[in-house]
Amino acid sequence: MFHHQSAPDVTGLPTGAYLVRRKLSSIEGYLVYDATDTQIYHFKGHLAFPGARWSMLDAGGSEVAGLVRPAMHIHPTFTVTRPGRTDVTIRKATFAPIMETWRIEGAEEGDIDLHGDVLNHEFSFEHDGRTVGTTTRRWISLTDAYAVQADGMDPVLAIAAAVGIDSVENERNG
């Protein structure tokens, strides 16, 4: 069966923000657009047992990050690898029903906490009490999309973290 998705509308995105859109089939991955409506990254899921693996590819097809999520962990956890950089671990820190906390451990900037309503993609990235990024649906009219804005942290890491958390939440609620 053929499913059509409408083109993304990035007119409401502020400068420096990215639109992340989940494709209909989760194994197909995610598409990432900048504020000029240019697709700059896409995520490709790989069949992996046990666990899950994603590649974040740039427009030329080169891998800029990888996400690996082992199947058996008490807390949902995944690792982000980026060429030439240290691996980063992202794990769920609290199990509140709505307001959750995740932690990015090992980033060059230091540990980064994510606070907010992860299920609805309304959360902030915080480092030393300062907001360094946000994820929101406020600027987006599509239900299968959200915006990521990084201001003070690596945008590839912010996008990869948001996609990883979305995949965990989508799997848990899907």
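Colleague: How many strands does the closed barrel have, and in what order do they run?

Modeller: In this predicted model, the closed barrel has 12 strands, in the order β1-β2-β3-β4-β5-β6-β7-β8-β9-β10-β11-β12, and the pairing is antiparallel. Ignoring direction, neighbouring strands of the sheet are turned by 20 degrees against each other on average.

Colleague: Which strands are joined to β12 by bridges?

Modeller: Strand pairing is read from bridges: at least two are needed between two strands. Strand β11, residues 130-136, is joined to β12, residues 145-150, by four bridges, and the two run antiparallel. Strand β1, residues 17-22, is joined to β12 by five bridges, also antiparallel.

Colleague: Which residues stand opposite Ala147 of β12?

Modeller: Thr136 has Ala147 as its bridge partner in β12, and Leu19 stands opposite Ala147 too. Thr136 itself is found in β11.

Colleague: Is Thr136 buried or exposed?

Modeller: The call rests on relative accessible area, with buried meaning under 20%. Thr136 has a value of 1%, so Thr136 is buried.

Colleague: Which residues is Thr136 in contact with, beyond its neighbours within four places in sequence?

Modeller: Contact is read from heavy atoms within 4.5 Å. For Thr136, the list is His121, Glu122, Tyr146 and Ala147. His121 lies 15 residues from Thr136 in sequence, while their C-alpha atoms are 5.2 Å apart in space.

Colleague: What joins the side chains of Thr136 and Glu122?

Modeller: A polar contact of 2.8 Å joins those two side chains.

Note on methods. Residues numbered from 1 in each chain as written. Predicted model: local features only at pLDDT ≥ 70, side-chain atom pairs only at ≥ 80, totals over all residues. Heavy atoms only, no water. Axes fitted to C-alpha atoms, helices over the stretch in contact; angles between N-to-C directions. Buried < 20%, exposed > 50% of the residue type's maximum accessible area, 1.4 Å probe, protein only. Polar contact = N/O pair within 3.5 Å; in protein donor to acceptor, adjacent residues only side chain to side chain.
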